Amino acid sequence: MFRIVEARFLGPEIKLFRIEAPAIARRQKPGQFVIVRVYEAGERIPLTIADADARAGTITIIVQGVGKTTRLLNRKEAGDFVLDVVGPLGKPSEIARYGTAVVIGGGVGTAIAHPTARALKEAGNYVVVILGARSRQYVILEDEMRRISDELYVTTDDGSQGQRGLVTDALRQMLESGRRVDYVLAIGPIPMMAAVAELTRPYGIKTVVSVNPIMVDGTGMCGGCRVQVGQENKFACVDGPEFDAHLVNFRLLATRNSMYREFEQRALAEFER
Ligand code: FES
């Protein structure tokens with residue numbers, strides 16, 4: 001059992017949890033994730049480690065309540081427990097001194113991008129952060145990202161904060177203005193990551209995305225997290241979750257992620273009844 005030491009909402013159905021998990025806190029690196037099981041018969045959900053404190057023995061995860069399990073988790077408070085937290089899993093982010101690194105966080109993807117953005121800054125990069133969300137209340141970790149970046153831009157679909165539009169609009173403006181960009185990391189909804197990949201492709205900019213397919217075991221055994229990358233099949237849990245954005249088959253990824261949608265919607269409807 002893993003004790004929750006802090007739980008607070010960052011936005012509608014977006015909740016931050018700090019959980020006691022000393023062994024994971026000591027070993028984790030930016031880009032890695034954990035698999036959480038909330039109760040005995042519950043599904044396993046992969047959640048990227050948004051932060052960790054090795055001295056306090058805690059890890060931070062940020063959960064968007066979109067289905068039955070994530071909504072159940074979001075009902076937990078400080079002092080409550082989650083059944084299992086397994087990790088750290090996956091490969092850490094590839095951190096290097098690229099030059100100008102643009103880090104794009106779409107919605108709750110910002111939580112995943114945050115530790116990698118910080119590591120890129122510590123490695124000596126000039127870090128530009130672009131945060132995108134539906135509207136103001138869905139923009140998360142803006143202050144944290146501002147602290148570890150050289151420039152920060154916010155875009156919202158409805159214009160309630162920052163520039164009205166999409167993260168790709170802000171990135172396009174940067175690229176068309178002739179600014180040099182050496183590396184792009186994009187984490188968020190699949191259509192957003194696919195759009196970023198198409199935008200940077202003609203410029204030949206190294207672009208990385210963090211994918212979040214359905215996972216079961218998290219150890220490369222079940223095949224649930226299969227992603228097509230170039231001509232190869234990769235398992236996001238052991239080969240990823242970060243991949244070369246220009247090689248990921250986003251269409252297949254979206255199809256596989258929606259395979260259980262009907263079942264998920266039924267489970268959510270029963271849970272809310
Ligand atoms: Fe089973 Fe990756 S989650 S192979």
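**Surroundings of the annotated cysteines**

Cys225 is in contact with Pro213, Ile214, Met215, Phe235, Ala236 and Cys237, residues up to four places away in sequence being left out of the count. These contacts, like all features described here, come from a predicted model. Cys225 itself is placed in the loop that joins strand 13 (206-210) to strand 14 (226-229). Cys225 is classed as buried because 25 C-beta neighbours lie inside 10 Å, the threshold for burial being 20 or more.

Cys237, one of the contacts of Cys225, belongs to helix 7, which covers residues 236-239. Cys237 has 26 other C-beta atoms within 10 Å and is therefore also buried. With residues up to four places away in sequence again excluded, the contacts of Cys237 are Leu89, Gly90, Met215, Gly218, Thr219, Gly220 and Cys225.

The unreviewed UniProt entry assigns the feature "binding site" to Cys222, Cys225 and Cys237. These positions span 16 residues in sequence, yet no two of their C-alpha atoms are more than 10.3 Å apart, so the annotated residues gather at one spot.

The unreviewed UniProt entry places "domain: FAD-binding FR-type" at residues 1-95. Within this span, 49% is strand and 13% is helix, and the end C-alpha atoms lie 33 Å apart.

Notes
Residues numbered from 1 in each chain as written. Predicted model: local features only at pLDDT ≥ 70, side-chain atom pairs only at ≥ 80, totals over all residues. UniProt positions renumbered as here; feature names shortened; annotations may be inferred. Helix = DSSP H or I, 4+ residues; strand = E, 2+ residues; numbered from the N terminus. Buried ≥ 20, exposed ≤ 12 C-beta atoms within 10 Å, placed from the backbone. Contact = placed C-beta atoms within 7 Å.
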